[in-house]
Amino acid sequence: MSASEPVRPQHLGGGLWSVPVPIPGMFTGDHVLPRITPHIGLYPYDRPDVDPLGDFLASLRRVAGLPAAERAEVPPAHQHRFTGLAERAHAIIGHHEDRLAEVAALLGAEPVTLWQVAAGLRWRSPWEAMAPADREMAAGEAAAHLRTLERRGVARRDGADAPIRFVRAAAA
């Protein structure tokens with residue numbers, strides 16, 4: 001794989017990143033950061049044709065499997081250079097799998113809105129203290145996790161009316 005070959009979706013949507021010339025190490029942009037995770041949201045919240053978190057997780061698995069993923073120096077778009085790309089990619093996957101379980105635990109037979117799910121999750125700041133823009137980003141993240149759970153058969157949308165509501169999918 002060359003540096004010019006795109007391997008990941010952008011975390012805010014809208015295309016792939018690639019560099020036309022070889023670069024030293026593995027530039028990860030916002031895709032893999034050394035201490036934080038990029039924002040993966042679904043906008044608009046009810047867009048049916050995409051699974052941004054599912055795509056992100058698949059891309060992280062692909063990046064982690066690259067031959068140079070353990071030994072290459074990684075200059076990300078933010079923070080500091082690091083090594084251990086595969087380990088970091090797996091840690092981010094683990095973070096999102098934990099978050100998917102947290103979202104799934106909020107679902108039951110009674111429909112809940114996207115806003116209720118977002119408000120029920122653990123965040124760095126309490127939900128009540130979040131600014132409106134931060135709550136919107138949190139709802140976008142919750143929507144992305146719900147979409148992945150829908151694709152995995154764990155969650156399903158309840159009805160077609162607004163507001164969007166979800167229930168736990170019946171066990172197969």
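Is Arg 47 buried, partly exposed or exposed, and what is its relative accessibility? In this predicted model, Arg 47 has a relative accessibility of 36% and therefore counts as partly exposed.

The average pLDDT is 83, and 82% of the residues score at least 70. Over residues 1-8 the pLDDT stays under 50, and the model has 25 contacts beyond four places in sequence for this stretch. Residues 14-23 also have a pLDDT below 50, with 19 contacts beyond near neighbours in sequence. Where pLDDT is low, the predicted coordinates should not be read in detail.

The largest nonpolar core comprises 39 residues. Leu 53, Leu 60, Leu 85, Leu 107, Leu 114, Val 117 and Leu 146 have the most contacts inside it. At least two residues of this core come from each of helix 1 (52-64), helix 2 (85-105), helix 3 (114-120) and helix 4 (132-151). Helix 2 gives the most, with eight residues. Leaving aside residues up to four places away in sequence, Val 117 touches Val 103, Leu 106, Leu 107, Val 112, Ala 142 and Leu 146.

Eight salt bridges are present in the structure. One of them joins the side chains of Arg 47 and Asp 49, at 2.9 Å from N to O; Asp 49 is exposed, because its relative accessibility of 51% is over 50%. Arg 157 pairs with Glu 150 at 3.6 Å, N to O, and Arg 157 is partly exposed at 27%. The side chains of Arg 156 and Asp 158 meet at 3.8 Å, N to O, in a further salt bridge. Arg 156 is partly exposed at 42%, as is Asp 158 at 28%.

How values were computed. Residues are numbered from 1 along each chain as its sequence is written. This is a predicted model: local features need pLDDT of at least 70, side-chain atom pairs count only at pLDDT 80 or more; totals for chains, interfaces and linings use all residues. Side-chain values use heavy atoms; hydrogens and water are left out. pLDDT is the predictor's confidence in each residue, from 0 to 100. Contact means heavy atoms within 4.5 Å. A nonpolar core is a set of buried Ala, Val, Leu, Ile, Met, Phe, Trp, Tyr and Cys residues joined through side-chain atoms within 4.5 Å. Buried means under 20% relative accessible area, exposed over 50%, partly exposed in between (1.4 Å probe, protein chains only). Helices (H or I, at least four residues) and strands (E, at least two) are DSSP runs, numbered from the N terminus. A salt bridge is a side-chain nitrogen of Lys or Arg within 4 Å of a carboxyl oxygen of Asp or Glu.
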